[in-house]
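Trainee: I would like a close look at a single part of this model, and then at what surrounds that part. Please keep the explanation in one piece.

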Amino acid sequence: MAAQEKKEAKKVRFLSGVQPSGKLHLGNYFGALRQHIALQDEGEAFYFIANYHAMTTVQDRGLLEQQTLDVALDYLALGLDLKKAVFFRQSDVPEVAELAWVLSAVTAKGLLDRATSYKDKVQRGIAPSVGLYYYPVLMAADILIYRSHVVPVGEDQVQHIEMTRDMAQSFNRTYKSEVFPVPKHRLDVGAKVPGLDGQKMSKSYDNTIEIFQEGKALRKRVMSIVTDSTPLEDPKDPDTCNVFALFQLVSSKEEQDELAGMYRAGNFGYGNAKKMLLEKIDETFGPYREERKRLEKDTGFVMSVLAEGGARARAEAQETMKLVREAAGLGQMPVPAAELLGSR
Ligand code: AQP
């Protein structure tokens, strides 16, 4: 790449987040985290732990704190480089809630009514709170407050990015400004990873294989992947099998061709395919497990990383909010109350 092109590429800003709503799983990894970590070398990367979002389902203080720490440990163990990426907790940038309100005023209710993720979640029994309904507006604020260009996500989030584009354009149009770039989504190969039951792998569906599960617990999960009832001796179709879909994420093209051949030849049971999958999962994530265990003993370090990332992210967010306030006629950013009162 020529020096000038490299300089241009550096200007792209990536932003993404993951909810601390449970243990991260292969869907989160292959849909999101893997590309987050790869993209830290391609531009400016901002990644956050979406603890405000998780409040719609996690309403226990200790659990939210623990799961937030777990997400941080996962990212760091998997190779997030703090010299390259800004990594922080969503709640360390409270300005994002202010921007969500501003955006809600220029967003048609009908846009949110069309959100399929909200409908799916409610159908699955998650309480239909105002917060859950409002999720796409807060997510748009998460993206726009850093004036991000590209949002690396899994397929389930694409509709929310489309909504973010609408909200950015609506704000710019309403206030005759160009405060927000209109961001795009980015998908990886694992854009829709199936769970044990063949539906989208999801923390809230109890159908996950966790990234850092190992030993007996991992084996139990892999062995419980749902397959059809084709008899052992009959040929099988790899393209409709959940085990094969997951195997494709952790293996080479040659290994996939070999396993597909075994399926089609018959006299090969799903149990054997599951064992091969288990081996590949161990091979893929084994090297990161030791690093995670090491970091678990140093949570002070992890918390300090988040605090520093939060300060860097907040500085950026406050710059955007100055522009937003000016464009919308909301006045200047308020001086901290203690500072103001102290000077009287
Ligand atoms: N099955 C999946 N395949 C591909 N990508 C996925 N992602 C989630 N599941 C899959 C991507 O992971 C990122 C973080 O997701 P999230 O935690 O913010 O929320 P989510 O999409 O709602 O993930 P879950 O696991 O389904 O969480 P719950 O059950 O709490 O709602 C996103 O980029 C997402 O696309």
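Why is helix α11 (residues 242-250) described as largely enclosed by the rest of the structure?

Mentor: This is a predicted model, in which local features need pLDDT of at least 70 and side-chain atom pairs count only at pLDDT 80 or more, while totals for chains, interfaces and linings use all residues. Residues are numbered from 1 along each chain as its sequence is written, and side-chain values use heavy atoms, with hydrogens and water left out.

Helix α11 is largely enclosed because seven of its nine residues are buried. Buried means under 20% relative accessible area, exposed over 50%, and partly exposed in between (1.4 Å probe, protein chains only). Helices (H or I, at least four residues) and strands (E, at least two) are DSSP runs, numbered from the N terminus. The buried residues are Asn-242, Val-243, Phe-244, Leu-246, Phe-247, Leu-249 and Val-250. They pack against α2, α12 (253-265) and α13 (270-296).

Leu-246 leads on to Ile-209, since contact (heavy atoms within 4.5 Å) joins Ile-209 to Leu-246 and also to residues including His-25, Leu-26, Leu-218 and Ile-281, leaving aside neighbours within four places in sequence. In the largest nonpolar core, which has 55 residues, Ile-209 is one of the four that touch the most other members, along with Phe-87, Tyr-263 and Leu-277. A nonpolar core is a set of buried Ala, Val, Leu, Ile, Met, Phe, Trp, Tyr and Cys residues joined through side-chain atoms within 4.5 Å. This core draws at least three residues from each of domain 1 (2-193 + 299-342) and domain 2 (212-295), with bounds from an automatic or database domain assignment. A second, separate core of 39 residues includes Val-93, Val-102, Ile-145 and Val-179.

The centres of the two domains, taken over C-alpha atoms, are 33 Å apart. Their contact takes 14 residues from domain 1 and 10 residues from domain 2. About 1200 Å² is buried between them, 75% of it from carbon and sulfur atoms; buried area is the accessible area (1.4 Å probe) that two parts lose on being put together, summed over both.

Two salt bridges cross this interface, the rule being a side-chain nitrogen of Lys or Arg within 4 Å of a carboxyl oxygen of Asp or Glu. On the domain 1 side, α2 (26-39), α4 (61-77) and α14 (299-328) each supply at least two of the residues that touch domain 2. The largest share, five residues, comes from α4.
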